[in-house]
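Biologist: I am new to this structure and would like to learn how to read it. Could you take me through it feature by feature?

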Amino acid sequence: MSDLIWRSYADADAPAFTVFMREMAIAAGADPGLTENEVGSWFTSGLVRDPAADTRLVASGDAIVASAMLAPPVGDGDRVDSFGGVLPGWRGRGFGRELLSWSFSRARQLRDELSPGANWSLDADAYAVETTAFALFERFGMQPVRYWYEMAADLSAALSPRPRPDLPVVSFSADYTAALFAAHNEAMADHFDFELTSLDDWSQHDLYQPGFRPDLTRLALDGDQVAGYVLAGEETPGRIRMNEIGTRRAWRRQG
């Protein structure tokens, strides 16, 4: 283990970190759709505030085998997001315990720097099959609070959408940004753990990110308001992700 290096993330790590995250997904039976451009956008968009202080990598040669990264709350939120993990072949060596311990310590420092006295929480995700990750989280006093599903459809299969005929559906253009932001805030206000952010931050994270496909994004309009929307992005060639899907309260259950 003498070749292992513990350090912070650097721009040159984007290719290796993308491979690392994809290998984590494949090992769990999930879809490895993450792209190098998306990884780079985590840092250029400000999702990770300070890569030097808010990231830790364990590297073996040119490969990344374990990592932890923190994203502080947005706006007036109270959730610190932690993401990363340990590759299956490197588990059982204490890397996860060391990285999670660092995550808690750094999250407290971030709180003291950005919002002294606030009651923040640390949020971490794991695939359902990663039982060792859940055991580790529980050792740190964490408990499962939400389960997520990722769903996919083969685009060669015929679809039969039945939209409301009285609501025109258009693709995205910059003219709709403010109306879409208002619709998003209302639609997501009922969503688990939603945190309100600014128009500029939201646009940077959701619209002007690598892979965003305005031509495949759809907005349902009711006058000058956006009633519902689907934001689309390209992950890998031939695979499109529905990044955000929302319907404002007044227009729900109407197709």
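Biologist: Let's begin with two helices. At what angle do the axes of helix α6 and helix α7 cross?

Modeller: Two packed helices are described by the angle between their axes and the distance between those axes. In this predicted model, the axes of α6 (residues 177-188) and α7 (residues 199-207) cross at roughly 90° and come within 11 Å. That makes α6 roughly perpendicular to α7.

Biologist: Which residues make the contact?

Modeller: From α6 there are Thr177, Leu180, Phe181 and His184, and from α7 there are Leu199, Trp202, Ser203, Asp206 and Leu207. By type, the residues of this contact divide into 5 nonpolar, 3 polar and 1 charged.

Biologist: Now the sheet. In what order do its strands lie?

Modeller: Strands of a sheet pair through backbone hydrogen bonds, either parallel or antiparallel. Here we have an open sheet of 4 strands, ordered β6-β7-β8-β9, with antiparallel pairing. Its edge strands, β6 (169-171) and β9 (239-247), each pair on one side only. On average, neighbouring strands are turned by 25° against each other, direction ignored.

Biologist: How many bridges join β8 to β9?

Modeller: There are 8 bridges between β8 (residues 225-236) and β9, and Thr236 has Arg239 of β9 as its bridge partner.

Biologist: Last topic, the nonpolar cores. Which residues have the most contacts inside the largest one?

Modeller: In soluble globular proteins, nonpolar side chains tend to be buried together. The largest core here has 38 residues, and Tyr9, Phe17, Val39 and Trp42 have the most contacts inside it. Elements giving two or more residues to this core include α1 (14-27), α2 (36-44) and β3 (63-71). Leaving aside neighbours within four places in sequence, Phe17 is in contact with Tyr9, Val39, Trp42, Leu57, Ile64, Ser67 and Met69.

Biologist: Which residues does the second core include?

Modeller: That separate core of 14 residues includes Phe181, Met188, Trp202 and Tyr229.

Methods
Residues are numbered from 1 along each chain as its sequence is written. This is a predicted model: local features need pLDDT of at least 70, side-chain atom pairs count only at pLDDT 80 or more; totals for chains, interfaces and linings use all residues. Side-chain values use heavy atoms; hydrogens and water are left out. Axes are lines fitted to C-alpha atoms, for helices over the stretch in contact, and angles run from 0 to 180 degrees between N-to-C directions. Angles under 35 degrees count as roughly parallel, over 145 as roughly antiparallel, 65 to 115 as roughly perpendicular and the rest as oblique. Contact means heavy atoms within 4.5 Å. Ala, Val, Leu, Ile, Met, Phe, Trp, Tyr, Cys and Pro count as nonpolar, Asp, Glu, Lys and Arg as charged, and the others, Gly among them, as polar. Two strands pair if DSSP finds at least two bridges between them. A nonpolar core is a set of buried Ala, Val, Leu, Ile, Met, Phe, Trp, Tyr and Cys residues joined through side-chain atoms within 4.5 Å. Buried means under 20% relative accessible area, exposed over 50%, partly exposed in between (1.4 Å probe, protein chains only).
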